[in-house]
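Here are my notes for you, point by point. Keep the picture open while you read, and find each residue as it comes up.

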Amino acid sequence: IYEEPQDFTPRSDSSDAQRLLKELTTGLQQSAAFPNINPAAFTDNLERRIINPDAFTQGKGTNFCGPAVILSQLFVANDPVGYVTFMVELYKTGSAAYNNGKSMVCFQPKERIRNASGLLPNGRNTQVPGSESLTDNPADQMLLLVLKDKYNTIGGKFRMGRQDRYWGGCTFKNVVYVAKHFLGYRYNATGSTFGG
């Protein structure tokens with residue numbers, strides 16, 4: 001059961017986000033924090049994501065389905081200005097905070113996460129019409145990895161290839177928690193994890 005976001009949940013407009021993106025990325029230099037993400041590819045990915053949040057998917061052969069839904073439908077689609085601000089700060093400095101209307105949620109991803117961003121070898125999920133290849137979207141990779149680094153309830157350390165295993169996944173409870181803690185949503189939800 002889904003409850004509409006309460007008044008404190010940030011909302012913004014995609015046209016404002018596009019203007020802000022141009023302002024924040026003019027002359028953007030290669031990030032020292034994310035050495036495998038080209039600034040032009042990063043900016044292009046953000047612009048395409050603002051225009052079409054639904055194209056943000058988990059990629060092919062990953063367990064990022066829960067994080068991808070949270071990020072595309074609750075973050076990018078509802079608060080594109082917050083998304084752009086967060087992502088550009090994260091790219092430039094290696095850390096960022098998001099104001100979800102109740103609190104500031106801070107992210108400081110580990111070096112292995114930052115170094116893996118831009119290198120995930122995953123293609124387009126052909127089961128999702130209109131989806132884009134995760135391989136060609138380094139900002140999407142970055143956000144998925146950074147989110148999982150902070151909200152890892154499955155356990156274990158990230159190594160390349162773990163995006164295809166349990167490390168990349170979320171329990172149902174974890175999806176609801178991330179929506180509440182990171183994005184400030186309130187939910188009444190029923191469901192199960194791994195079909196259980």
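1. Start with K150, which lies over the face of F107, 5.3 Å from the ring centre. The charged end of K150 also sits over the ring of Y151, at 5.9 Å from the centre of that ring. For a charge to count as sitting over a ring, NZ of Lys or CZ of Arg has to be within 6 Å of the ring centre and within 35 degrees of the ring normal.

2. A word on what you're looking at: this is a predicted model, where local features need pLDDT of at least 70 and side-chain atom pairs count only at pLDDT 80 or more, while totals for chains, interfaces and linings use all residues. Residues are numbered from 1 along each chain as its sequence is written, and side-chain values use heavy atoms, with hydrogens and water left out.

3. Now the overall layout. The protein has 7 helices and 2 strands, and from the N terminus on the order is α-α-α-α-β-β-α-α-α. Helices (H or I, at least four residues) and strands (E, at least two) are DSSP runs, numbered from the N terminus. Of the 196 residues, 47% are buried; buried means under 20% relative accessible area, exposed over 50%, and partly exposed in between, with a 1.4 Å probe and protein chains only.

4. Back to the rings: F107 and Y151 belong to one aromatic cluster together with F75, Y83, F86, Y98, Y177 and F182. Rings of Phe, Tyr and Trp (its six-membered ring) pair if their centres lie within 6.5 Å; planes under 30 degrees apart count as stacked, over 60 as edge-to-face and the rest as tilted. By this rule there are 11 aromatic pairs.

5. How do F75 and F86 sit as an aromatic pair? They are edge-to-face, 6.0 Å centre to centre with 75° between the planes. F75 is in helix α3 (residues 65–76) and F86 in helix α4, so this pair ties together parts 11 residues apart in sequence. F75 is buried at 0% relative accessible area, and F86 counts as buried at 2%.

6. F75 has another edge-to-face partner in F182, at 5.2 Å centre to centre and 65° between the planes. F182 lies in the segment after α7 (172–181), so here the pair ties together parts that are 107 residues apart in sequence. Both F75 and F182 are buried.

7. Next, look at how α4 (residues 80–93) meets α6 (residues 138–150): their axes come within 11 Å and cross at roughly 85°. Axes are lines fitted to C-alpha atoms, for helices over the stretch in contact, and angles run from 0 to 180 degrees between N-to-C directions. That makes α4 roughly perpendicular to α6 (under 35 degrees is roughly parallel, over 145 roughly antiparallel, 65 to 115 roughly perpendicular, and the rest oblique). Y83, F86, M87, L90 and Y91 of α4 make the contact with A139, D140, M142, L143 and V146 of α6; contact means heavy atoms within 4.5 Å.

8. I50 is buried, at 4% relative accessible area. Leaving out residues up to four places away in sequence, I50 touches S14, A17, Q18, L21, P80, Y83 and V84.
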